[in-house]
Amino acid sequence: MTSTPNLQDASVVVACDTGGNVAILSSRNAEHGEMFLPGGRRDPGESPEQCARRELREEAGVSAQRWRHLGTYAITLGSDARLSLYLAEGLTIGLQELNDTEADFKLSWWSMADAITAVSEGRFHLPAGPLALLLADRLIKTGT
């Protein structure tokens, strides 16, 4: 197994509104898929949940009252970097706070069912989004 340097801990968020719709981002510059969930790398000294809260606010313009941890996973073999997944509910919608590299991020709201269909069609840019959506869907449906 080879080492994978320069990977940082990150967080990804499934933001679900009271109607069961989830925040989905898209970018013209996505190389391997058209969609992704809000999320990104942790800043120094930031907890995984603090990172999730910040990324959701910056990329989607959304804050949430309730946060549920969906799990923490290795980003890749050979790396100590971890990816923390969250379900955010009780949403308040505001303005996106995009930086220069995020300037073309477009926010849209999809039903959970349509988002899961997009997962099965391979339309997501990164694997963390599909995993987070599947875990959040299960949690919402079963409570576990």
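Helix H3, spanning residues 128-142, lies across strands S1, S5 and S6, and runs at about 60 degrees to S6. Keep in mind that this is a predicted model. Those strands belong to an open sheet of four, and another open sheet has three strands, so let's take them in turn.

**The four-stranded sheet**
- Reading across this open sheet, the order is S4-S1-S6-S5, and the pairing is mixed.
- Strand S4 (39-41) and strand S5 (62-74) sit at the edges with a single partner strand each, so one side of each has no neighbour in the sheet.
- On average, neighbouring strands here are turned by 20 degrees against each other, if you ignore direction.
- S5 and strand S6 (residues 82-93) run antiparallel, and eleven bridges join them.
- Look for Arg 66, which stands opposite Glu 89 in S6.
- Helix H1 (residues 48-60) packs on this sheet too, touching strand S1 (10-15) as well as S4, S5 and S6.
- The direction of H1 makes about 125 degrees with that of S5.

**The three-stranded sheet**
- This open sheet goes S3-S2-S7, with antiparallel pairing.
- Its edges are strand S3 (35-36) and strand S7 (106-111); each has just a single partner strand, so one side of each is left without a neighbour in the sheet.
- Strand S2 (residues 21-26) and S7 are joined by six bridges and run antiparallel.
- Helix H2 (residues 112-120) lies across S2, S3 and S7, and it runs at about 105 degrees to S7.

Terms used:
Residues numbered from 1 in each chain as written. Predicted model: local features only at pLDDT ≥ 70, side-chain atom pairs only at ≥ 80, totals over all residues. Heavy atoms only, no water. Pairing = 2+ DSSP bridges. Helix = DSSP H or I, 4+ residues; strand = E, 2+ residues; numbered from the N terminus. Contact = heavy atoms within 4.5 Å. Axes fitted to C-alpha atoms, helices over the stretch in contact; angles between N-to-C directions.
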